[in-house]
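Dear colleague,

Please find below the structure that I promised to hand over.

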Amino acid sequence: MTSPVRLALLGCGTVGSDVVRLLHEQSADLAARIGAPLEIAGIAVRRLGRDRGDLPVDPALFTTDPLGLIKRDDVDVVVEVVGGIEPARTWLVEALRAGKSVVTANKALLAEDGATLHDAAAEGGADLYYEASVAGAIPLLRPLRESLHGDRINRVTGIVNGTTNFILSAMDATGAGFAEALEEATELGYAEADPTADVEGFDAAAKAAILASLAFHTRVTAADVHREGITEVTAADVASAKAMGCTIKLLCIAARGADAAGRETVSVRVHPAMIPLTHPLASVGDAFNAVFVEAEAAGQLMFYGRGAGGAPTASAVLGDVVAVARNRLAGVHAASESAYADLPVRPMGEALTRYHISLDVADRPGVLEAVAGVFARHEVSIATVRQGPAGGGPDAELVIVTHVAPDAALAATVGELRGLDIVRSVTSVLRVEGGA
Ligand code: NDP
Ligand code: HSE
């Protein structure tokens, strides 16, 4: 058999330690698939003294000098499972420029500055693979960047954050509020001690940027993504959704569109939204991820599975390691970044959405007319109106669902409604997706 392909593993935490385990357990199969054995040349970590349990690896391989490890002549491939922007960017640029292929799970870096990594890969003639960065174990990026390259993708709608999906699923199942469901997610180990990146939508926004870049052959960064988290979703919102035959999910939506001049654009957003129970994403519960892709010729495709966790994420990392190792032995490289379309990213105000709005209003003549007038002034067409008693008091509850309209018009409508004296309060505003 040919000489080994030698890996520098940067990071040995949740994902890295499972990469080590799987490399050990499957070494014979991996060697047979690649045509050469994989060997770990070194493992860079932050704390040499950390207890790493019974990890099947020589302790002498650990180092706190990632850059020194990357630069070693006996390193062929760099696997980065540390995370964050710096120093990870410096390490990966160094590796790629030196012609060493990189496998990374670092969604934050790819979404913030993927361009620098792709440029470095092109400069060094190296592969850059990052399947694990979006939706963990689910084979999704390879289908987008290879299998669907003969097609035209129009829209990608996904549940790409397991923590928030667990919380929203729990709220839906038990009627709990956000804080209670977050507490449960933390106790069960789904939510991190600091859940900000998940519940405020930063994690999903990074993944949305990566998906949009691949789907639309356009460089999209996290800064281009409109982001709203789930902290404002209430038990009343969830109940309202149920009454409409819907459920609430944190969605990432990347879609083609056109601006006023008819030029093609993309819009990329992450926010909670009601979707009908009949939508394929509605039944995605617990901490699972799923991504629904709509393409011109292929039609609708659904990708589903575990989006996080050590072993599922390590599975995606190892799939990439096998690919880059085989490329290396064959003396070839994967196709480079495809960003030729360079479509402008549309501001959120121009995104076409629908709203579900619940209002607590005075129950007297003319109220419905006044409320409807606000929608008409902003050219927002009402699809349905439902009126019922509001919490046993003298007021009424109005639940209005709109037709599709620009998000800015919908936001302005809600703003004006809040200012009306007949509107006691706007109790819930949620976008509606998926044809309910
Ligand atoms: P962890 O925090 O569990 O592990 C991080 C590892 O990086 C640790 O081994 C740590 O060392 C090491 N490290 C941190 N800083 C440095 C540094 N300056 N120099 C050298 N080593 C350093 O992270 P995860 O394994 O959870 O995540 C890794 C990557 O995978 C991230 O990009 C994350 O977004 C991504 N990812 C994670 C998923 C998951 O389910 N966890 C899912 C999908 C992607 P030490 O062990 O000494 O502390
Ligand atoms: N925190 C992320 C999630 C991990 O909850 O899905 C995977 O990126």
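The notes that follow describe the surroundings of a ligand, a helix, the cysteines and some backbone features.

This is a predicted model, in which local features need pLDDT of at least 70 and side-chain atom pairs count only at pLDDT 80 or more, whereas totals for chains, interfaces and linings use all residues. Residues are numbered from 1 along each chain as its sequence is written, chains are lettered from A and ligands numbered from 1 in the order in which they are written, and side-chain values use heavy atoms, with hydrogens and water left out.

**Ligand 2**

The shell around ligand 2 consists of Lys107, Asn161, Gly162, Thr163, Asp198, Asp203, Lys207, Gly307 and Ala308 (each with a heavy atom within 4 Å of the ligand). By class, one of these residues is nonpolar, four are polar and four are charged (Ala, Val, Leu, Ile, Met, Phe, Trp, Tyr, Cys and Pro count as nonpolar, Asp, Glu, Lys and Arg as charged, and the others, Gly among them, as polar). For Lys207, a side-chain N or O atom is 2.7 Å from an oxygen atom of ligand 2.

**Helix H10**

Helices H7 (162-174) and H10 (202-216) each supply at least two residues of that shell (helices are DSSP runs of H or I, at least four residues, and strands runs of E, at least two, numbered from the N terminus). Of the 15 residues of H10, 14 are buried, so the helix is largely enclosed by the rest of the structure (buried means under 20% relative accessible area, exposed over 50%, partly exposed in between, with a 1.4 Å probe and protein chains only). Just after H10 comes His217, with a positive phi of about 50° although it is not a glycine. His217 counts as buried, at 10% relative accessibility.

**Cysteines**

The structure holds zero disulfides (pairs of cysteine sulfur atoms within 2.5 Å). For Cys246, the nearest cysteine sulfur is that of Cys252, 19 Å away. Cys246 is buried at 1% relative accessibility, and Cys252 is buried with a relative accessible area of 1%.

**Other backbone features**

Glu86 and Pro87 are joined by a cis peptide bond, with omega about 5°. Pro87 is placed in the loop between strand E4 (77-80) and helix H4 (88-97). Asp342, which is not a glycine, has a positive phi of about 50°; Asp342 is exposed, with a relative accessible area of 59%.

Yours sincerely

Note on methods
A polar contact is a pair of N or O atoms within 3.5 Å; within protein, one must be able to donate a hydrogen and the other to accept it, and residues adjacent in sequence count only if both atoms are side-chain atoms.
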